[in-house]
Amino acid sequence: MNTPITSKSVSQPEDSSFNHTDWMILSRHWYPVARAVDVADQPVQALLLDVKVVVYRTSAGLSVALDRCPHRGVPLSKGCVKANHLVCAYHGLQFDAQGACKKIPAQPSLVPSDRFRLQSLPSVERYGLVWTCLNPDGHSAISPMPTWYDEAHQQVLPPSVDILGSAGRQVEGFVDVAHFAFVHHEAFADPENPVVPAYETEATDLGVRSDYVSNVSNLPKGLQHLASPDFQWRRVYEIYPPFTARLTVHFPDGGLLNILNCASPMTARSTRLFVPITRNFDTNGPLEDVYAFNAQVFAEDKDLVETQWPQELPLDPMAEAHFAADRTSLAYRKLLREMGLTFSRSASAMA
Ligand code: FES
Ligand SMILES: [Fe+2]
């Protein structure tokens, strides 16, 4: 972990799309902002909660900072990394992994003061992703995925997907079991089998778990003959609020597929989705097949998540109508409410 030497709190941008209370709550949590593999010798910009950050790599590892040069406000992501320093594109100021300014080329003999220090953020590399937190409070943690570090499992990290929809709507869609027959009938589900058997939901230390068993196969359409039609497919959903959920699908013969759905809120109404996947079967199978199946499933969801109205997930229990299969969604909305979130655009929610 790269811990900044100075850790000033980050303020909400004036033109932020979140109400102030929500932004303050959400800014204390960790989110992925890039795949580590995508940060090589060039700095990369990412957007998190309306805040532009830069991710860059030196021999000390990956660093994250606000994407703004302390000299004249140019985005550091327009610069480059040279000789282990992030170099600003405008006047060439050089910054080290901790954000300290080491050189001002126009005045090479000057030792730069702390006024030239970047506002660095903590960074952790986990599941192939670079995670950061704008205002760490020491309590929030990165959501768990133990199989990522288990040799018996193959680890796969597809490219991220941008969604013009809110993180809350996307996560709720990920844990929704009643849409398979209608939205995913080309990927894996059966359009003639829409019934959702009753299932249980329970509170966990980190959120909520649902344990759902049905005969809806999780195999891609062309491979469904590999499992008996009577096989009972178990899907366990773990929700880690605010915006991460993990699905474990139990395949025949002890097969386990794990999908960590990390919805990183770029703004209140746009999301960058990162999805680390592991499986303990076909572990030498081609990664392209996993990428393609994953991309197909999320593409099938995309148009619906992007057109739901309101765009923000409604947290008022009386908003929208619900049926029994929605119990995971309702538990998720309750968790978010209990965190103090409203997802309201109204001025009354502005502190
Ligand atoms: S704006 Fe970055 S060096 Fe001047
Ligand atoms: Fe879906």
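Buried here means under 20% relative accessible area, exposed means over 50%, and partly exposed is anything in between (1.4 Å probe, protein chains only). This is a predicted model, where local features need pLDDT of at least 70 and side-chain atom pairs count only at pLDDT 80 or more, while totals for chains, interfaces and linings use all residues. Residues are numbered from 1 along each chain as its sequence is written, chains are lettered from A and ligands numbered from 1 in the order in which they are written, and side-chain values use heavy atoms, with hydrogens and water left out.

**View 1. Helix 2 is mostly covered.** Helices (H or I, at least four residues) and strands (E, at least two) are DSSP runs, numbered from the N terminus. Seven of the eight residues of helix 2 are buried: A167, G168, R169, Q170, V171, E172 and F174.

**View 2. V177 sits in the loop between helix 2 (167-174) and helix 3 (180-183).** Is V177 buried or exposed? V177 is buried, at a relative accessible area of 5%. Contact means heavy atoms within 4.5 Å. Leaving aside residues up to four places away in sequence, V177 touches V196, Y199, Y212, Y237 and A325. For a sense of scale, the C-alpha atoms of V177 and E320 are separated by 17 Å, and the two residues are 143 residues apart along the chain.

View 3. The contact takes 10 residues from domain 1 and 11 residues from domain 2. What else turns up across the interface of domain 1 and domain 2? The rule finds four residue pairs in polar contact there (both at pLDDT 80 or more). A polar contact is a pair of N or O atoms within 3.5 Å; within protein, one must be able to donate a hydrogen and the other to accept it, and residues adjacent in sequence count only if both atoms are side-chain atoms. Strand 2 (44-48), strand 10 (123-126) and strand 11 (129-132) are the elements that give two or more residues to the domain 1 side. Salt bridges across this interface come to zero by the rule.

**View 4. D211 and R234 pair up in a salt bridge.** A salt bridge is a side-chain nitrogen of Lys or Arg within 4 Å of a carboxyl oxygen of Asp or Glu. The closest N and O atoms of D211 and R234 are 2.8 Å apart. D211 lies in strand 15 (residues 208-214) and R234 in strand 16 (residues 233-240), so the pair ties together parts that are 23 residues apart in sequence. D211 is partly exposed at 26% relative accessibility, and R234 is partly exposed too, at 34%. Salt bridges that share partners also join R169, E172, E320 and R333 into one network. By this rule the count comes to 13 salt bridges.

**View 5. Two other salt bridges are D38 with R35 and D114 with R117.** In the D38 and R35 pair, the closest N and O atoms are 2.9 Å apart. D38 is partly exposed at 43% relative accessibility, whereas R35 is buried at 12%. The D114 and R117 side chains meet at 3.5 Å, N to O. Here D114 is exposed at 57% and R117 is buried at 16%.

**View 6. N19 lies in the segment before helix 1 (20-26).** N19 counts as buried, at 2% relative accessibility. The N19 side chain reaches the backbone nitrogen of D22 at 2.8 Å.

View 7. Most residues other than glycine have a negative phi, and most peptide bonds are trans. The peptide bond from P241 to P242 is cis, with omega near 10°, and P242 is in the loop between strand 16 and strand 17 (244-250). The bond from W309 to P310 is also cis, with omega near -5°. D253 is not a glycine, yet has a positive phi of about 60°; D253 is exposed, with a relative accessible area of 83%. F343, in the segment after helix 5, has a positive phi of about 55° and is buried at 13%.
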